[in-house]
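Please look first at the sequence and the structure shown below, and then read the briefing that follows, which groups its points by topic.

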Amino acid sequence: MASAISASALRARSKVSWLDLRGSGLSAIERLCLEEALLRHDPDQRSWAIVGTHEPTSHRYLRSADFPSHVTTSEDPNKSCLIVMGIGGKPKE
C-alpha cells in the first residue's frame, strides 16, 4: 500500500518550479526577459517550467525605446509572428 505524501513534501522534492503566464498579457520578448532574469538572479538556482501564449509584438511593459536601433526596420514588420532563437546553458559566474 502506497503511503500518502503531503503537498509540501511533494513540492520540496520537486526539481522544477512552475510559472503559469497564461493571461499575463506579456509579449514574447517580455517573457524572454523574465526567463533571463530567473536564470541569472534566482537565489535558489531552480529549474523553471514556464507556460503561456504570448503576443509577438504587443508589449505590456517594454517600450520601443527599450530596444536597440538595429531591431527596428524601415519596412512594415509582420506583427502576427516572431521568431525566437536561443541556446540553453548555464549563466557565467
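Arg31 has a relative accessibility of 16% and therefore counts as buried, since buried means under 20% relative accessible area. The model in which this value was computed is a predicted one. A search of the whole structure finds 4 salt bridges, and Arg31 takes part in one of them, with Glu35 as its partner.

**The pair in helix α2**
- The side chains of Arg31 and Glu35 meet in a salt bridge with an N to O distance of 2.8 Å, and both residues lie in helix α2, 4 residues apart, which is about one turn of the helix.
- Whereas Arg31 is buried, Glu35 is partly exposed, because its relative accessible area is 28%.

**Further salt bridges**
- Side chains of opposite charge can pair when their charged atoms come close.
- Asp20 forms a salt bridge with Arg22, and the closest N and O atoms of this pair are 2.5 Å apart; Asp20 is partly exposed at 34% relative accessibility, while Arg22 is exposed at 58%.
- Asp42 forms a salt bridge with Arg46, with the closest N and O atoms 2.9 Å apart; Asp42 is buried, with a relative accessible area of 7%, while Arg46 is partly exposed, with a value of 38%.

**Ser27, in a loop**
- Ser27 is placed in the loop between β1 (16-20) and α2 (28-41), and it counts as buried because its relative accessibility is 0%.
- When its neighbours within four places in sequence are left aside, Ser27 is in contact with His54, Glu55, Ser58 and His59.

Definitions and conventions: Residues numbered from 1 in each chain as written. Predicted model: local features only at pLDDT ≥ 70, side-chain atom pairs only at ≥ 80, totals over all residues. Heavy atoms only, no water. Helix = DSSP H or I, 4+ residues; strand = E, 2+ residues; numbered from the N terminus. Buried < 20%, exposed > 50% of the residue type's maximum accessible area, 1.4 Å probe, protein only. Contact = heavy atoms within 4.5 Å.
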